[in-house]
Amino acid sequence: MSVLLFEDVSLNLGGKAIVTDLTLRIADQDRIGLVGPNGSGKTTLLRMAVGTQGPDSGEVHRGKGARIGYLPQDIALQGGKKLLDFVTESVPGKSDLTLAVAEAETQLAAQSQLAATGESAQEELLELAGKVADLHEALARFEQQYSTHEAQRILVGLRFRQEDLDRDLGEFSGGWKMRALLASLLFQRPDLLLLDEPTNHLDMPSVSWLSSFLYRYDRAFILISHDREFLNEQIQKVVSFEVEGIRQYKGDYETYLEQRKQEEELIEARARNLDKEREHMEAFVRRFRAKASKASQVQSRVKALEKMERIELPAHRQAMRFRFKDIDKSGKDVLIAEHITKHYGEKRVLEDIGLRLGRGDRVAILGENGAGKTTLLRVLAGELDSDEGTRSYGTRVKLGYYAQHHVDVLDGTRTVFEEVKSAAMEGSPKDIYAALGAMLFRDQEVDKKVGVLSGGERARVALARLLVDPGNLLMMDEPTNHLDLDSSERLAEALETFDGTLLFVSHNRGFVRRLATKIWFVANGKLEVYPGTLDEYLASERDANHQGRTAKEGKPRKADKKGEKMQRKKAAALRQKLSPLRNAVKRHEEQIANLEREHASILEALSDPSIGDRPEDQRQLSAKFDTLSKAIERTTGEWMAAQEKLDAAQSSGR
């Protein structure tokens with residue numbers, strides 16, 4: 001069954017063909033990755049799917065009754081509603097169903113009075129009673145399928161706390177509003193889920209939880225993501241924006257890359273063979289055209305040449321290709337910080353942190369959103385003052401800094417060329433044009449005003465500034481957030497060639513796995529230093545961390561023996577500490593499930609029209625229904641408190 005069909009769809013925007021004669025069918029359990037460079041039309045295709053953008057020609061057919069949920073990259077949620085209510089009330093149809101129940105019950109009461117006076121037929125009364133019963137049953141099924149407990153489970157999975165549930169939506173930052181919208185979509189379980197870079201505002205634990213949720217999702221979705229591992233974990237089909245148009249491939253992203261490579265090699269080989277055959281026939285025609293004895297053979301080859309297939313080779317899309325320039329060598333100690341403390345009001349973000357960064361270190365800063373990763377990076381970069389403590393750079397250290405907000409605060413009145421030139425006063429125009437070319441800014445594009453650029457284009461401007469003057473200590477905060485998948489891969493390649501010291505924040509597991517040789521984990525104001533790769537860190541935490549991970553982990557390399565032994569002892573102690581907390585969470589989840597099953601059973605019994613003839617049974621069932629409702633509310637509160645204790649223990653034990 002199709003939930004969505006693009007039929008001969010074409011669309012041009014700003015003189016650029018986004019899609020041409022596209023026919024694409026989305027079946028009810030398709031798991032599709034939408035890939036292509038920034039600006040190719042991925043987001044536009046999602047907008048056409050949801051109906052906010054219409055095609056120039058062709059039709060977009062949505063399955064009858066199919067529900068489509070859309071998570072865009074940019075949102076504008078207003079306040080005025082509590083977080084939990086925003087999620088539970090997001091499911092379409094509940095208010096209509098509740099209203100229908102009330103209207104049917106009013107009609108039944110009126111019909112019952114008429115029946116008592118003999119003014120109504122018994123058949124009409126029975127028909128209305130059946131309608132009321134059916135509506136109550138539908139409402140019971142609805143409330144069982146979209147339970148408050150399920151909404152809370154999703155919100156907890158996305159790292160909201162219990163006290164957040166009653167907060168007004170308007171109190172949250174943009175990133176947390178995005179999580180709230182994502183929670184509402186996951187709760188609704190639409191027939192087709194459209195996710196445009198859903199991990200951009202998530203930390204690594206939340207990405208892991210979302211990966212597990214989507215892995216079990218039994219309906220269709222289309223996913224845009226710059227996180228290669230996240231994409232590979234989820235999809236079974238790729239829809240790709242290629243230079244020659246939209247192409248479709250079965251399999252995950254890795255399979256798509258291999259298929260695309262083989263496809264191009266076969267076409268190129270076929271084209272070479274045809275060229276050789278054409279050359280031979282053309283040579284024969286030139287040599288024997290004047291000989292009467294060869295006239296028939298010459299004519300035969302002329303006709304064959306006219307009919308010969310001409311193969312157009314697949315055009316290769318432009319991609320970022322660059323290396324960081326050679327840098328001056330720093331001293332052995334690149335950065336030393338002592339007693340770093342930073343508070344925001346009563347919130348203690350960083351508390352008495354000491355650290356050392358050595359020449360050549362490649363360190364990834366990990367932790368939950370709000371833990372202080374960006375704050376720590378900004379303090380170390382000198383962009384933000386700490387309340388207490390000191391930090392000092394070593395000899396011959398020169399800082400290059402890329403922060404998320406720099407993408408938004410570039411000077412919009414400057415041209416792209418002027419903005420990059422301002423970062424390298426000693427750089428020649430040739431160096432600046434080379435950096436811009438590497439970032440795919442060419443010809444008239446370098447004269448565009450920064451203020452008219454997209455988020456991805458501004459990210460490339462910020463990267464170009466680093467290319468012309470990277471320094472030998474490079475600090476980067478979520479550098480892949482505004483890049484497409486291919487650009488993220490090219491950035492990782494370039495950073496692998498960087499000869500200096502690298503300190504970065506990222507939730508992109510593939511990016512961290514590829515670059516980091518050390519992990520700094522920020523939690524509860526403290527910093528844990530782990531002397532190993534992401535794989536080694538995750539291996540040490542796997543037993544201690546109860547969250548299901550579906551990441552395709554590579555084989556861990558050997559860590560420092562002393563550090564590995566300490567990590568094993570720490571993990572064993574933490575397992576012992578966490579065991580009763582996990583058991584409490586599991587026990588409460590089982591209790592809630594049992595209570596909700598009994599609750600639904602009683603609701604179904606109360607929906608039976610004949611219950612009105614047994615007032616004592618109705619009274620007892622109603623009393624039990626109220627008791628169970630209170631028990632579900634109480635047990636859910638206990639479950640959330642237990643989950644928070646478990647989360648806190650896991651964080652403090654890292």
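User: Does D8 count as buried, partly exposed or exposed, and what is its relative accessibility?

Analyst: The model is a predicted one. D8 belongs to strand β1 (residues 2-13). A residue counts as buried under 20% relative accessible area and as exposed over 50%, with partly exposed in between. D8 therefore counts as partly exposed, at a relative accessibility of 44%.

User: What is the phi of D8, about?

Analyst: D8 is not a glycine.

User: Is D21 buried or exposed, and at what relative accessibility?

Analyst: D21 lies in strand β2 (residues 16-27). This residue other than glycine also has a positive phi, near 50°. Exposed means over 50% relative accessible area, so D21 counts as exposed at 53%.

User: Which residues form a positive surface patch, and where does K329 lie?

Analyst: The positive surface patch is formed by K329, K332, R359 and R396. K329 counts as exposed because its relative accessibility is 57%. As for its place in the chain, K329 lies in the loop between α10 (295-307) and β10 (333-344).

User: Why is the pair of F521 and Y537 stacked?

Analyst: A search of the whole structure finds 12 aromatic pairs. In the pair of F521 and Y537, the ring centres are 5.9 Å apart and the planes stand at 25°. Planes under 30 degrees apart count as stacked, so the pair of F521 and Y537 is stacked.

User: How many residues apart in sequence are the parts that the pair of F521 and Y537 ties together?

Analyst: Both F521 and Y537 are buried. F521 lies in strand β17 (residues 518-523), whereas Y537 lies in helix α18 (residues 534-542). The pair therefore ties together parts whose separation in sequence is 16 residues.

User: Which residues do ring pairs link into a cluster?

Analyst: Aromatic rings pair if their centres lie within 6.5 Å. Ring pairs of this kind link a cluster made of F160, F172 and W176.

User: Which residue forms a salt bridge with R465?

Analyst: Side chains of opposite charge can pair when their charged atoms come close. A search of the whole structure finds 33 salt bridges. In one of them, the closest N and O atoms are 3.1 Å apart, and the partner of R465 is E419.

User: How many residues apart are R465 and E419, and is E419 buried or exposed?

Analyst: The salt bridge between R465 and E419 links distant parts of the chain, with R465 in helix α15 (residues 455-468) and E419 in helix α13 (residues 416-421), 46 residues apart. R465 counts as partly exposed at 26% relative accessibility. E419, at 3% relative accessibility, counts as buried.

User: About how many helical turns separate R490 and D486?

Analyst: The side chains of R490 and D486 meet in a salt bridge of 2.5 Å, N to O. R490 is buried, with a relative accessible area of 10%, while D486 counts as partly exposed at 22%. Because the two are 4 residues apart in helix α16 (residues 485-496), their separation is about one helical turn.

User: Which residues are linked with R490 and D486 in a network of salt bridges?

Analyst: R490 and D486 meet in a salt bridge, and both belong to a network of salt bridges.

Note on methods: Residues numbered from 1 in each chain as written. Predicted model: local features only at pLDDT ≥ 70, side-chain atom pairs only at ≥ 80, totals over all residues. Heavy atoms only, no water. Patch = residues over 30% accessible without salt bridge, like charges linked within 9 Å, V, L, I, M, F, W, Y side chains within 5 Å. Areas by Shrake-Rupley, 256 points an atom, 1.4 Å probe, with all protein chains shown as cover. Salt bridge = Lys/Arg side-chain N within 4 Å of Asp/Glu carboxyl O. Lys, Arg positive; Asp, Glu negative; His and termini not counted. Charge placed at Lys NZ, Arg CZ, Asp CG, Glu CD. Buried < 20%, exposed > 50% of the residue type's maximum accessible area, 1.4 Å probe, protein only. Phe/Tyr/Trp six-rings, centres within 6.5 Å; stacked < 30°, edge-to-face > 60°.
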